[in-house]
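Hi,

Here's the structure I said I'd pass along. Have a look at it first, and then read on for what turned up.

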Amino acid sequence: MLKQQIASNKRRTIFLLIFFFGLLSAIGAAIGYLMIGNTRFGLAIALIIGTIYATSMIFQSTQVVMSMNGAREIGPEQAPEYYDIVEKIAMVAQIPMPKVYIIEDEALNAFATGSSPENAAVAATSGLLEVMNRTELEAVIGHEISHVRNYDIRISTIAVALASVVTMISSIGGRLMWYGGGRRRNDREDSSGALVLVFAIITIILAPMIASLVQLAISRQREYLADASSVELTQNPQAMINALKKLQSSKPMSHHVDEASAALYISDPRKNKSLKSLLQTHPPLEERIKRLEVIASSHSL
């Protein structure tokens, strides 16, 4: 059951990323058609910009992300149990030891960052370290180490980058359409040209919203996968269930968390329950618990 869930989540994420590149291609082709009547040129430019932007974001410094979230690096002498657990889980996952950080905040939360296992880092709030017992903390760290091992942060970064590129290109296309596109509309007054023109305009308008929804869907799928992968590392599904139940009662983070960082945390740091499910960076904790209970029941058989 566990391996099936992990494989299913990986397939869904691959599908979503393929869809993302398809959307980026569509918006590029639409703008190319509207501006110069050449879809291939617009498609190529969009893909080049998307690739460059995503690559630059992937190689951003881990220290920058940690600094943005008010985290400070620690050694084994400052938090021996926490540091020991990170070291132990990293060894089980067969990845290099990540850097270890603490965020001084009463909220219960944690996240990992880094484009690869070689430059990864794990951060936990002081509130989490105070409330979780050892097995629960192992489950949470297992979740974060799984993000590192599964290259989730790289995938999430690519999703953020592509969503930003789609929005940026759509905005540019919308502005240019009013200045340069009108001269070419007269050249495409036949019925087929009019249909393509309408489709291109609709693509430019809807692409940013679709990109945001896909980005959030990718984030939610990676959380399910990390929960299941944590159980694989710790062999203790009940500990992960107990940890998620404690996260349900956590207060929001006391310091500001920007949009890009919010998706990194194990649960929504803003605790914004007013957002509809399609607009949430994380799947509901209740749904995550239900999935883990299925895994727990299969372990007990």
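How many helices and strands does the secondary structure of the chain come to? The count is 11 helices and four strands. Keep in mind that this is a predicted model.

A bit of bookkeeping before the details. The chain has 301 residues, and 53% of them are buried. If you take the contacts with a separation of 6 or more, 72% are between residues 24 or more positions apart.

Now the inside. The largest nonpolar core has 41 residues, and Y82, L128, I141, I145 and L247 are the ones with the most contacts inside it. Several elements give two or more residues to this core: the helices α4 (80-93), α6 (134-149), α8 (191-234), α9 (237-248) and α11 (285-300), plus the strands β2 (99-103), β3 (110-113) and β4 (121-125). Another core, of 25 residues, lies apart from that one, with L17, I169, A211 and I218 among its members.

Leaving out residues up to four places away in sequence, Y82 touches I74, V100, Y101, I102, V122, A123, A124, L129, L137 and I141.

Two helix pairs are worth a look, and α6 is in both.

The pair of α4 and α6: the axes come within 9 Å and cross at roughly 50°. That is why α4 and α6 count as oblique to each other, and their crossing is right-handed. On the α4 side the contact is made by E81, Y82, D84, I85, V86, K88, I89, A90 and A93, and on the α6 side by R134, L137, E138, I141, G142, I145 and R149. Sorted by class, that gives nine nonpolar, one polar and six charged residues. Y82 and I141 turn up here again, having both been listed for the core.

The pair of α6 and α9: here the axes are 8 Å apart and the angle is about 90°, so α6 and α9 are roughly perpendicular to each other. α6 brings T135, E136, A139, V140 and H143 to the contact, while α9 brings A239, M240, N242, A243 and K246. By class, this contact has five nonpolar, three polar and two charged residues.

Most residues other than glycine have a negative phi. Which way does Q94 go, positive or negative? Q94 has a positive phi, of about 60°, although it is not a glycine. You'll find Q94 in the loop between α4 and β2, where it is exposed, with a relative accessible area of 73%. Q235 is another non-glycine residue with a positive phi, in this case of about 55°, and its place is the loop between α8 and α9.

Last one: S254, in the loop between α9 and α10 (259-262). Is S254 buried or exposed? S254 is exposed, at a relative accessible area of 64%. Along the sequence S254 and D105 are 149 residues apart, yet in space they are 6.5 Å apart, C-alpha to C-alpha.

That's what I have for now.

Cheers

Definitions and conventions:
Residues numbered from 1 in each chain as written. Predicted model: local features only at pLDDT ≥ 70, side-chain atom pairs only at ≥ 80, totals over all residues. Heavy atoms only, no water. Core = buried A, V, L, I, M, F, W, Y, C linked by side-chain atoms within 4.5 Å. Buried < 20%, exposed > 50% of the residue type's maximum accessible area, 1.4 Å probe, protein only. Contact = heavy atoms within 4.5 Å. Axes fitted to C-alpha atoms, helices over the stretch in contact; angles between N-to-C directions. Parallel < 35°, antiparallel > 145°, perpendicular 65-115°, else oblique. Left-handed = near helix turned anticlockwise from the far one by under 90°. Nonpolar A, V, L, I, M, F, W, Y, C, P; charged D, E, K, R; others polar.
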